[in-house]
Amino acid sequence: MSAPLLRFAQVTYRHAGALAPALADVTLEVAAGEIVALTGAPGAGATTFLLVAGGFAPRLIGGTLEGTLHSAAARPGIVFAAPWTQLTGLCQTVLAEVAFGPAGLGLPREAVRAAAERSLERLGVLHLAERDPATLSGGELQRVIVAAALAQDPDLLLLDDPAAELDPAGADALYALLPGVAAAGAAVLVATPDIERAARVATRAVRLDGGRVVADGAPATVLTDTPAARIARSAGCPAPLPLDAEALVARVAR
Amino acid sequence: MIGYRPGDSPLHRAHPYTPLALAVSLLLAVFALGSPGAVGAAVLAAVILAAAGGVLGYTARPAFVIGFTTWVLLLVLHGLLGPGPFLAAGPLSLSARGLHRALVLGGRLTTILVAFLTVLAVVSPARLVDAMTERGVAFAKMYLLVSTLTLVPRLRARAAQILEAQQCRGLRLGGSPLARVAALGPLVLPLVLGALAEVDEQVLALDARGAGRAGRRTALDPPADSALQRTVRWAALLVAAALFVAKVAERAQ
């Protein structure tokens, strides 16, 4: 494993005005090239983990942070579940929206345009380049927002339920992109209830409960509550359990 | 309707600073003018500006809706309660100086309303962003200006969505005035709370996309400018400034 990009050492974070911590005594490291699936019940702290990891909390949203957090990420990118809140509101075309990040890097105009087009193509939405973002469907907009995050070539990509607005094929395509992003040297953290899809691409999984890390390890040992794993468990399959439908079918076929 | 209306008029095609400079010039000039006739000319200039942008009909309604109450108030307050001499108007006796004052103030308001509603209608926020980015305006200032310009259309779109959702859930909009006022609650509360909640995520998203980075941003598609437009802008601003200086000098005498 390469040097950690992120290092949490006994980090406790409280939202402004909250008595209970949203993250409690979290200690873990994330290296470049890893894809970490963050799971847990709603309110477990996965979104807060992303905000703290990206340096957005407490810097932008307030609250208090205890412990030591070291981040070597120079270009964190974050995508939330609701894409319409992530539009800049300043751009009339999808291309301009995606180019917003690269445009802040002071690159020449042609390089900014090329970065935006490349990113749109990666998400399969280059044909939307001249559309007004306000006229897109939720699924199209979600892909555009992910493209906007990728256009900046992030070294830390934080995804909060990124497939919430996508159809199954779109969600599959989005998750299929992540190994490429990680292979290019970024660390990817995905907070998602869609553990079946996360299990296909994650190199590691972290389960949170009440803001605490309760499990951290290989997806096969942490993401054991997928529908496929439950079926396999009830059928008496030995470990490691198959985590998705394809793996389950393959196991049964054997 | 308030907000940008796509079009192909000379004002739509102009550099965004040009209609802005013309509107600001009218604003300065109309405050320097003191007679109803001169203010009337400024109103006419604002109307010509709107017509040149092909948005006269588009700006007339909001200008009327916003300005009508003020006009009535000005005429009643200054016309009926102003100092003598008085003019007979049927059963009423109206103050000549009060009417003069009401016409000047009302004309100023109308000029400003028509000029700036025209700017909102003909200046694309995206082109304005590109124009300001090209000039190296700081992102925070640019965002403040453009988000203010686009506030009304954004709130209107959101209010329409909330209204449809609440109607689907049984909200009835008709009935007595009291029932109509009561129906405002389910509209206004989600509108305000939703806007506040979204601001948090938008701040994070903008920050993550480098909005706060130091250094000059690259304009993706900067609007074309020309020597003629620059001359028109400076000439309009200089005329307005000259009128203002003349007014100050006149008062000093």
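Reader: What makes a residue of chain B count as buried, and what share of the 253 residues does?

Author: In this predicted model, 29% of the 253 residues of chain B count as buried. A residue is called buried because 20 or more other C-beta atoms, placed from the backbone, lie within 10 Å of its own; 12 or fewer make it exposed, and anything in between partly exposed. Local features need pLDDT of at least 70 and side-chain atom pairs 80 or more, whereas totals for chains, interfaces and linings use all residues. Residues are numbered from 1 along each chain as its sequence is written, and chains are lettered from A and ligands numbered from 1 in the order in which they are written.

Reader: How do you know which elements chain B has?

Author: Helices (H or I, at least four residues) and strands (E, at least two) are DSSP runs, numbered from the N terminus. On that basis chain B has ten helices and two strands, in the order α-α-α-α-β-β-α-α-α-α-α-α.

Reader: What makes a residue of chain A count as in contact with chain B?

Author: Two residues are in contact if their C-beta atoms, placed from the backbone, lie within 7 Å. By this rule 30 residues of chain A are in contact with 27 residues of chain B. H2(A) gives the most to the side of chain A that touches chain B, with five residues.
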